[in-house]
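Subject: Handover of a structure

Dear colleague,

An account of the findings follows it.

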Amino acid sequence: MGDDIMSYNGGVALAMKGKECVAIACDKRYGVQNRTIATNFTKIFQYGDHCFVALCGLATDVQTVSERLKFRTNLYELREQRKLKPIVLYNMLTNLLYERRFGPYFVYALVAGLDPKTGETFVYDSDNIGAISDNVNLATVGTASDFIFGLGELFFKPNMNPDELFEATSQALLNGVDRDSASGWGAIVYVIEKDKITLRELKGRQD
Amino acid sequence: MDILNPMTYDAEEDRLRERTKYSQMDKHLIPMEFQQQPVSTGTTIVAVEYDGGVIIGADTRTSSGTFVMNRFTDKLTPLTDRIFCLRSGSAADTQAIAQVVQYQLDFLSAEMNEPPLVRIAANCVRRLIYQYRDDFVAGMIVAGWDKKLGGQVYSCPLGGLLVRQPVTLGGSGSTYIWGYLDNNYRPNMTKQECFDFVLKGITLAITRDGSSGGCARLAIINKDGVERVDVLGNDLPKVFDL
């Protein structure tokens with residue numbers, strides 16, 4: 001694995017848009033270079049009814065960034081007395097990361113969310129110093145992101161319904177991680193719709 | 001103190017090695033696409049003797065850094081009809097060694113007019129590894145059957161050692177299953193017990209080691225020939241779900 005800090009623990013996440021629904025998925029591996037320590041380390045965190053963040057990279061920073069972000073979103077909801085919107089969450093996250101511009105956290109981030117009233121979908125990604133992206137159809141982060149991007153572009157169609165979206169997301173993730181030794185060992189997929197959120201656990205190759 | 005690899009220092013050799021290494025600037029000048037890591041069969045290989053032959057097995061992953069180059073590699077390389085070698089370490093080095101030894105044994109069997117002994121094959125492998133011990137990264141297991149001593153397993157690890165063992169492991173994944181071997185191996189197991197032992201060992205290593213993965217390829221070598229068994233992902237034995 002070399003001494004690349006971003007592949008020290010491994011891991012991958014993917015987010016894709018559908019018609020009034022978004023899917024966000026990640027693998028479950030926690031390892032230290034070659035060795036797999038656990039297969040229940042999910043990288044997706046929920047910050048509101050319909051706002052999800054996936055963080056991939058160094059595991060300690062995944063935990064720290066998710067907790068620090070939770071602190072800020074809790075205070076936001078207490079002060080503003082209203083629920084978080086995905087764009088607000090995204091800006092808070094990128095601000096958090098840019099604060100450490102010259103000694104950064106080693107995580108790449110994905111934000112996925114939905115506006116339950118209008119059905120508008122949001123998928124954003126960010127590098128480890130908080131670069132802002134547009135609202136995109138498909139985003140991936142992690143050690144296998146290149147492989148999953150290719151498959152994701154292949155399976156993506158505009159305006160998919162939740163079932164098609166789930167299929168496309170899971171196939172892109174499961175087949176992409178087969179080419180990466182630092183991710184895999186199962187996956188979870190959240191499909192977020194206006195009225196419900198479905199969490200599915202996938203059992204992939206355990207190698 | 002490592003008796004097998006004693007510390008030596010040669011100033012001229014050291015300077016030569018320094019010059020051939022990349023300079024710090026190369027990291028910036030050479031584009032990312034060309035900065036590949038060498039291909040290695042970071043791997044799990046197992047070989048065990050039973051009465052009448054040997055059972056050998058390996059996983060099927062070849063990786064370059066974290067990228068999996070081949071998901072279904074064949075690491076069981078025939079040296080002769082009844083002698084196989086299991087390769088771990090640098091893919092290029094072990095393939096080159098296997099090719100050279102294949103030729104050497106082919107020539108030898110023509111000279112002697114009989115199939116070569118397993119010990120001879122293992123010694124050919126060992127000789128190459130020892131001769132180029134500073135350059136090669138190759139840990140190999142040579143296993144097979146011959147008329148004189150039946151089934152034999154020889155281990156030829158990194159420095160150029162040759163030792164016969166009733167059961168041996170190799171590769172990066174082997175570290176995770178030495179305990180399994182110590183607990184579960186008994187002398188004089190039947191052919192089926194040995195087969196299950198090898199398969200379970202490879203499965204356990206595949207689960208834990210990032211550089212091992214894919215499926216399990218096994219072979220049973222005895223006087224009647226070589227029977228190859230590929231156990232695909234779904235058919236691997238169930239192990240505790242971490």
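Which residue in β11(B) stands opposite Val48(B)? The residue opposite Val48(B) is Val167(B).

Before the details, a note on the basis of what follows. This is a predicted model, in which local features need pLDDT of at least 70 and side-chain atom pairs count only at pLDDT 80 or more, while totals for chains, interfaces and linings use all residues. Residues are numbered from 1 along each chain as its sequence is written, chains are lettered from A and ligands numbered from 1 in the order in which they are written, and side-chain values use heavy atoms, with hydrogens and water left out.

The sheet of chain B

Helices (H or I, at least four residues) and strands (E, at least two) are DSSP runs, numbered from the N terminus. In chain B, five strands make up an open sheet with the order β11-β2-β3-β12-β13 and antiparallel pairing; two strands pair if DSSP finds at least two bridges between them. At the edges stand β11 (167-170) and β13 (225-231) of chain B, each with a single partner strand, so one side of each has no neighbour in the sheet. From one strand to the next, the twist averages 15°. Strand β2(B), residues 45-50, runs antiparallel to β11(B) and is joined to β11(B) by four bridges. Helix α6(B) lies across β2, β3, β11, β12 and β13 of chain B, at about 15° to β3(B). For such angles, axes are lines fitted to C-alpha atoms (for helices over the stretch in contact), and the values run from 0 to 180 degrees between N-to-C directions.

The sheet of chain A

Chain A holds an open sheet of four strands, ordered β5-β6-β7-β8 and paired antiparallel. Its edge strands, β5 (44-48) and β8 (121-126) of chain A, each pair on one side only. Neighbouring strands here are turned by 20° against each other on average, direction ignored. Six bridges connect β7(A), residues 107-114, with the antiparallel β8(A), and Ala109(A) has Ser126(A) as its bridge partner in β8(A). Two helices of chain A pack on this sheet. Helix α1(A), residues 59-80, touches β5, β6 and β7 of chain A, and its direction makes about 5° with that of β5(A). Helix α2(A), residues 86-98, touches β5, β6, β7 and β8 of chain A, its direction making about 165° with that of β7(A).

The interface between the chains

Chain B gives 24 residues to the contact and chain A gives 19 residues, where contact means heavy atoms within 4.5 Å. Between them the two chains bury about 1800 Å², 41% of it on carbon and sulfur atoms; buried area is the accessible area (1.4 Å probe) that two parts lose on being put together, summed over both.

Two salt bridges cross the interface of chain B and chain A, a salt bridge being a side-chain nitrogen of Lys or Arg within 4 Å of a carboxyl oxygen of Asp or Glu. Arg71(B) and Asp178(A) form a salt bridge with an N to O distance of 3.3 Å. On the side of chain B that touches chain A, the elements giving two or more residues are β5 (67-70) and α6 (191-208) of chain B, and β5(B) provides the largest share, four residues.

Asp207(A) and Arg61(B) also form a salt bridge, their closest N and O atoms being 3.4 Å apart. This pair crosses between chains, from the segment after β11(A) to the loop between β3 and β4 of chain B.

With kind regards
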